[in-house]
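What follows is a short walk through a predicted model.

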Amino acid sequence: MSDLLRLATAGSVDDGKSTLVGRLLYDTKSVLADQLDAVHRASVDKGLSTPDLSLLVDGLRSEREQGITIDVAYRYFATPRRTFVLADTPGHVQYTRNTVTGASTAQLAILLVDARKGVVEQTRRHAAVLALLGVPRLVLAVNKIDLVDYDHGTFEVIAKEFATHAGNLGYAADAVLAVPVSALVGDNVVEHSERTPWYTGPTLLEHLETVPAQEDPHAAPFRFPVQYVIRPRTPEHPDYRGYAGQIAAGTVRPGDEVVVLPSGARTRVTRVDTPDGELTEAAAGASVTLLLADDLDISRGDLIAAGIDRPEVTDEIDATLAWLADKPLRAGARVLVKHGARTVQAIVGELRTRFDEQQLSTVDGPESLELNEIGQVTLRTSEPVPVDDYRTHGRTGAFLVIDPADGTTLAAGLVGAPLPVLERD
Amino acid sequence: MTATIDAPVRTAPRLDSLGRLESEAIHIMREVAGEFDRPVILFSGGKDSTLLLHLAVKAFWPAPVPFPLLHVDTGHNFAEVIDFRDRMVERYGLRLVVANVQDWIDDGRLTERPDGTRNPLQTVPLLDTITEHRFDAVFGGGRRDEERARAKERIFSLRNAFGQWEPRRQRPELWNLYNGRHRPGEHVRVFPLSNWTELDVWRYIARENIELPSIYYAHERDVYSRDGMWLTEGPWGGPRDGETVLRKTVRYRTVGDGSCTGAVESEASTLDEVIAEVGASRLTERGATRADDRLSEAAMEDRKREGYF
Ligand SMILES: Nc1nc2c(ncn2[C@@H]2O[C@H](COP(=O)(O)OP(=O)(O)O)[C@@H](O)[C@H]2O)c(=O)[nH]1
């Protein structure tokens, strides 16, 4: 059975992202006849001589009218080796908001630049957001290479500049690849191009098919947010009491010693249950039901964790926020924090720093955090919450900040300081 | 990268791509059960809603599914599908709420369209029923691979008091943390199958041995051609002058209002044959068989905005 790679794309408007994604779908034969017909018809209507592949992916009517992409769109394509889920994130005003949405679960991100312009402000910003989220691998697609006459030197300059920036963000050299492509013509997207003999690396698709997919964190200590308590109280199952959830990290086996947080009660797993039968072991990513040795008071929102190496239980969270709302964040704001399956009230204490994604530096004591800005804050919660550092436990180190008044999602929250530059000594 | 964890300590079974999709859908259903007061599953008896029901049964096993089902019945359904719907309700001991479009036509809240198609008429009965029962989360079987407007839909999709989708006001959806907060009168549409493709659905149906209405498999049927589709006679009407009836071996790729759901010519009478056919198919499910989506380029988006999906 094929495995799955989640990827995200990011780039500035007009770098050719829609065309590149359209080309990937087209060249992997993921476009069906009626969709292609529709694109051919629309291209003719627009007076174009070749089909505009970007029309394959521009979905909403207002986008087609304006010719820009306004929201994250998901695409599915497969080759015999892999199944791909691609989050296509647009690159204009709402950039951080969309990049965060598209990339929060990505195992790899493709960043586009226009070969004529090279690395621009937007590229550095996107890369910083991707690094913050811990996207394990980056590909820099140096697009429109046809418009710089397939010039090796131009490509090298761009690739080198980007490698330096990515390195400063904490990426190892082998986690970043630059590929010269032309989305329009197809060079190095699926097939190697004869016009770039100087490029000896893989084509974009070859890389996507073969790059190691970072798996769920099986090796990390066990984490299991309880979503729902299953108590049938039926004649066949009068006393069944199971805790349902999706394993956030690590593995679990019957007999494992665990701790229930925030209470701190200790117990043992007696059964790892599924409708298809009991399991001898289950790992991160699996939805299962745990049965425990002791009759404890456990409800939705509790976290079952490994007996040793457990998360910190705290009512003061030091976190990094990516602010996604139009209305700015100021110290003293009252918000809701959704962490795992638990939602608690919180007050934003001091705004400690704002991150400058261009200079990769921080500004101390900002007045506010505005839309698309990243900053470090302290949150005081109404009750203790078991949290992990985002870098070691992505799932239990992440949270949403929600507006209690209208339910809007205000920010992506990451426990700790997930970038080298944010670390305090 | 700093987040990389390299040394695996134990080797546990890895989930394949279907296993991941199943786990994700179950996670979503449990979130809804935990956060909403009155969820409901839209259930038409079609393959996507049957899959939803199957996943709901697994998500809460060994307890019963904690949601009722809702069917907006156009009165133009295939008899095999209604029969199947009723058997599923019986098998799992569920409560079924039926909103009959005919009732809305009879009391004048809706008017029959000149072309007799009732799919576009489902919106009002759906929204009225959601309001009447105060449903706050409504599960649908929509998938992002179906259509370009759907590709941008969130898994939790907030609808305003008029049931409308406002694409520009969608919430960012981060990690696997879903924000289901809504104001009184608003509700959330939930799409646990968002990341499945048509082929995934069929492969999973085969893997889990899920029963479907018989019309999904090849059978002989009297059909006539209209707008490039094979339609069949039923409560919704029959051939017009000049439309000749032929006997053909066909199957359905989607089931909906009989007046605008076409059959495809097919010899695929078993699951394996259907999977082979879907894998090789060069037409999207909707493009092949649903006249209502072909009305205009933006047809689906308009219907979503109106609150149909
Ligand atoms: N010459 C050339 N033009 C390209 C290439 N890729 C995209 N374009 C053109 O650049 C413009 C913007 O592309 P589009 O895909 O809509 O950009 P997006 O805004 O990033 O989605 C369109 O006119 C494309 O045809 C390329 O590789 N070479």
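Begin with B:Trp175, which touches A:Ser104, A:Thr105, A:Leu133, A:Tyr390, A:Arg395, A:Ala398, A:Phe399, A:Ala412, A:Gly413 and A:Leu414, leaving aside residues up to four places away in sequence. B:Trp175 also belongs to the largest nonpolar core, a set of 58 residues in which A:Leu133, A:Phe162, A:Tyr171 and B:Trp175 touch the most other members. Helix H5 (residues 121–133) of chain A gives the most to this core, seven residues. Another core lies apart from it and has 57 residues, among them B:Met88, B:Trp196, B:Val255 and B:Ala268.

Next, the domains of chain A. The assignment gives domain 1 (4–210), domain 2 (217–306) and domain 3 (312–424). In chain A, the C-alpha centres of domain 1 and domain 3 are 30 Å apart, and 20 residues of domain 1 are in contact with 19 residues of domain 3. Together these two domains of chain A bury about 1,600 Å², with 63% of that area on carbon and sulfur atoms.

Polar links cross this interface as well. Six residue pairs are in polar contact between domain 1 and domain 3 of chain A, both residues being at pLDDT 80 or more. On the domain 1 side of chain A, H5(A) supplies the largest share of the residues that touch domain 3, eight in number. The count of salt bridges between the two domains is one.

Finally, turn to B:Arg143, in the loop between strand E4 (137–139) and strand E5 (156–159) of chain B. B:Arg143 counts as buried because its relative accessibility is 1%. Its side chain makes polar contacts with the side chains of B:Asp48, at 3.1 Å, and B:Asp145, at 3.0 Å.

Technical notes
Residues are numbered from 1 along each chain as its sequence is written. Chains are lettered from A and ligands numbered from 1 in the order in which they are written. This is a predicted model: local features need pLDDT of at least 70, side-chain atom pairs count only at pLDDT 80 or more; totals for chains, interfaces and linings use all residues. Side-chain values use heavy atoms; hydrogens and water are left out. Helices (H or I, at least four residues) and strands (E, at least two) are DSSP runs, numbered from the N terminus. Buried means under 20% relative accessible area, exposed over 50%, partly exposed in between (1.4 Å probe, protein chains only). A polar contact is a pair of N or O atoms within 3.5 Å; within protein, one must be able to donate a hydrogen and the other to accept it, and residues adjacent in sequence count only if both atoms are side-chain atoms. A nonpolar core is a set of buried Ala, Val, Leu, Ile, Met, Phe, Trp, Tyr and Cys residues joined through side-chain atoms within 4.5 Å. Contact means heavy atoms within 4.5 Å. Domain bounds come from an automatic or database domain assignment. Buried area is the accessible area (1.4 Å probe) that two parts lose on being put together, summed over both. A salt bridge is a side-chain nitrogen of Lys or Arg within 4 Å of a carboxyl oxygen of Asp or Glu.
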